[in-house]
Amino acid sequence: LRRSLGEAARSEDVNSLLSQMETRLRTAMAEKLANITSQYESLQSDATNKINALEDKTQYLGDGCNLKTIGYKYHVEHDMEDETNNGKIASITFKKKLNQTILGLSYASNIRVHNVDSPSRWYFQIDGQECSRPAKLDIALHQGIVNNRMQPSVLKGVCQATSAGNIGQGQHTISVHVQAIYGNSDAHSKWGSTSTLELQEMCPPF
């Protein structure tokens, strides 16, 4: 009887030990499976985001990439004479479609500075900031003698970013400003002719 009881006790100990080992093994396997699943889902999400970004980019950077496929806006003013010496002289709003594109900007008008040795500059701003990449977009005019000649001029270039960062998709305000560099320039813009402000959302050349 004692032998039978001992054997039964040992059998119960073994069964209990096996049950504990099985529980621990199941728990470890479940944790490992959860970790693998989490890593797989993370990799899958990352891959999906990259594929979507690539598709979004190649949609506009493939053979069909040209100015018309992305975005364009044109603003015209006629005989809107402007005597602003420091401030905004023209603006438009534009909804940019993609993050990776750049803006091609052009402003055509006539300009003048009347006083001697008092130059002015005309420049673009995007959302209140001047372009910083690849460079500022501006032109300057200086007169060495008193001259009231209105000079036809074009302010033109491309912009990818301002001091606030890349120009991303969404609504933006593009404006043209004049500023006295020094002295009393007595600037003049848009006299007696048509002035145009043109904007293009374009594929970057780099």
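## A buried serine

Ser153 counts as buried, because its relative accessibility is 14%, where buried means under 20% relative accessible area, exposed over 50% and partly exposed in between (1.4 Å probe, protein chains only). This residue belongs to strand β7 (residues 151–159); strands (E, at least two residues) are DSSP runs numbered from the N terminus.

A polar atom of the Ser153 side chain lies 3.3 Å from the backbone oxygen of Gln151. Beyond its neighbours within four places in sequence, Ser153 is in contact (heavy atoms within 4.5 Å) with Tyr107, Ala108, Ser109, Asn110, Ile111 and Ile139.

## Basis of the model

The model is predicted: local features need pLDDT of at least 70, side-chain atom pairs count only at pLDDT 80 or more, and totals for chains, interfaces and linings use all residues. Residues are numbered from 1 along each chain as its sequence is written, and side-chain values use heavy atoms, with hydrogens and water left out.

## An open sheet

Three strands form an open sheet in the order β5-β8-β9, with antiparallel pairing; two strands pair if DSSP finds at least two bridges between them. Strands β5 (131–133) and β9 (165–166) are at the edges with a single partner strand each, so one side of each has no neighbour in the sheet.

Strand β8 (residues 161–162) runs antiparallel to β9 and is joined to β9 by 2 bridges. Thr162 has Gly165 in β9 as its bridge partner.

## A charge over a ring

The charged end of Arg121 sits over the ring of Tyr123, 4.2 Å from the ring centre. This description requires NZ of Lys or CZ of Arg within 6 Å of the ring centre and within 35 degrees of the ring normal.

Methods. Helix = DSSP H or I, 4+ residues; strand = E, 2+ residues; numbered from the N terminus. Polar contact = N/O pair within 3.5 Å; in protein donor to acceptor, adjacent residues only side chain to side chain.
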